[in-house]
Amino acid sequence: MRLALINEGTYPFVTGGVSTWCHQLVTGLHRHRFHLVAVTGAGSAAPVYAAPNVTGLTSVPVWDRALAPRRPAARRRRRATEAAALLCRGLLTEGRYAAGMFATGLRRLAEISTDGGHPLHGVPVADVLCDAWRVAGRQSTARLTLRAAQSAGSLLEHALRALVAAPPTVDICHAVATGLPALVALATKWRTGTPFVLTEHGVYLRERYLEYSGTLPVPVKAVMTGFYRAVARISYAEAAAVTSVSDFNRGWQLRCGADPAKLFVVPNGVDPDRFPALPSEPAEPTVVWVGRVDPLKDLHTLIEAFQHVYAATPAARLRLVGPVPRGNEEYAAGCRELAGRLGMGGAVAFAGPVGHSREAFATGHVVALSSISEGMPYTVVEAMMCGRATVSTDVGAVAETAGDTGLVVPPRDPTALGAACLELLRNPNRRRSMAASARDRALAHFTLDRMLGAYAHLYADAFS
């Protein structure tokens, strides 16, 4: 079977997280042939993953230069403006006709962009948004200024560039998230009739709410959250099957209008042979974190939490293991500065990436996760499979993944996080008992074979 695997900002250019899942899928289902579609920011980078059954790679740089520098024909501009008006009114309007307006506008923009040009090229997007805002009766709650409309219009223009992507002929598309990957899958379905499967690790819409909170003017936030909410709804409606990694995510999907008959929970899995139980613990009391250095991982809270551990146990160490993605250098520098300012520069090690997460887990007694948003984190599953106790924040599927084999604390609470880490460092019997139970739980519920088998069945059903 030929598949297009569509993701945003991850595989095959970035390691860890969703990229790990993508690579497991591609290499595990080796009888299928995968064409990768990667929605990126701007420019291009060298892939860091390779697989023999990957037949090609299409990059979709939504923040690159304009796709159609020449002025479009008047008829195209008129059609695109009419479609944009429907789309904007649909995303800003409440009521029974809103979803239909948005879907019609989006579909027409997908049809217009088959010439390879930007779907909104030549469209006065700010004026269209201002008109839609007025028609929707939004002026009574917040005023959409021309400047705010221009900002929102720019964000919409770049997001809709995903409609231009043209994967090769395949049997099924697999969008790894709503949002931009789903736009590629929707456009492909409307043009060629190719069915698609949709998977959410985190909840794309929820992550946009978090991303835009406090960073955008209220009207701009309203436009963009309305846009991604409408994209989620139409994606759920058009997909042949919708999967999530947890019941937590499934609940969000249901609230956004997904059909329960289409929803399947497929937990992430790891290969037990690659993550055998660790036989021993290090000499120094150590908390280890593994992941990509990113604001969503909230390393500031973890570093502040470790201050409580360090004050009670001066021999304790914190190891932060993982890469710094491009664009996150300033955040990483802020983490280093915070550790130094709290007087723990010698106790907090920024170890960089490792070849295998098991190597990192071996350097700690406790594996910590401090994220403010997660789907079903591989860090927790892999640590459980290795027989390490975990302390994690209660976000996404973390609590249902760990069960009673790990400690779970509220996000953004350094006192609670530090106290939980200290409890396990000081109590080796409890720590080792939890670690053994964690491995048993991982073997029972989170193996790679279970995950791959589920997707093989979903592909077969979607293609039939």
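**Notebook: helix packing and a buried glycine**

I began at the end of helix H9, where Gly257 follows with a positive phi, near 95°. I took helices as DSSP runs of H or I with at least four residues and strands as E runs of at least two, numbered from the N terminus. The model is predicted, so I kept in mind that local features need pLDDT of at least 70 and side-chain atom pairs 80 or more, while totals for chains, interfaces and linings use all residues. Residues are numbered from 1 along each chain as its sequence is written, and side-chain values use heavy atoms, without hydrogens and water.

**Entry 1: H9**

I looked up which residues of H9 (247-255) are buried, and found Asn249, Trp252 and Gln253. Buried is under 20% relative accessible area, exposed over 50%, and partly exposed in between, with a 1.4 Å probe and protein chains only.

**Entry 2: H6 and H8**

H6 (residues 180-192) packs on H8 (residues 218-238) at about 45°, with the axes 10 Å apart. Axes are lines fitted to C-alpha atoms over the stretch in contact, and angles run from 0 to 180 degrees between N-to-C directions. The pair is therefore oblique, the class left after roughly parallel (under 35 degrees), roughly antiparallel (over 145) and roughly perpendicular (65 to 115). For contact I used heavy atoms within 4.5 Å. H6 contributes Leu180, Ala182, Leu183, Leu186, Lys189 and Trp190, and H8 contributes Phe227, Tyr228, Val231, Ile234, Ser235 and Glu238.

**Entry 3: H1 and H17**

The axes of H1 (residues 18-28) and H17 (residues 448-463) come within 10 Å and cross at roughly 70°. H1 and H17 are therefore roughly perpendicular. From H1, Trp21, Gln24, Leu25 and Gly28 meet Leu448, Met451, Leu452, Tyr455 and Tyr459 of H17.

**Entry 4: Gly387**

I found Gly387 in the loop between helix H13 (378-385) and strand S12 (389-393). Is Gly387 buried or exposed? Gly387 counts as buried, because its relative accessibility is 15%. Its C-alpha is 5.1 Å from that of Ala277, 110 residues away in sequence. Leaving aside neighbours within four places in sequence, I noted contacts of Gly387 with Ala435 and Arg439.
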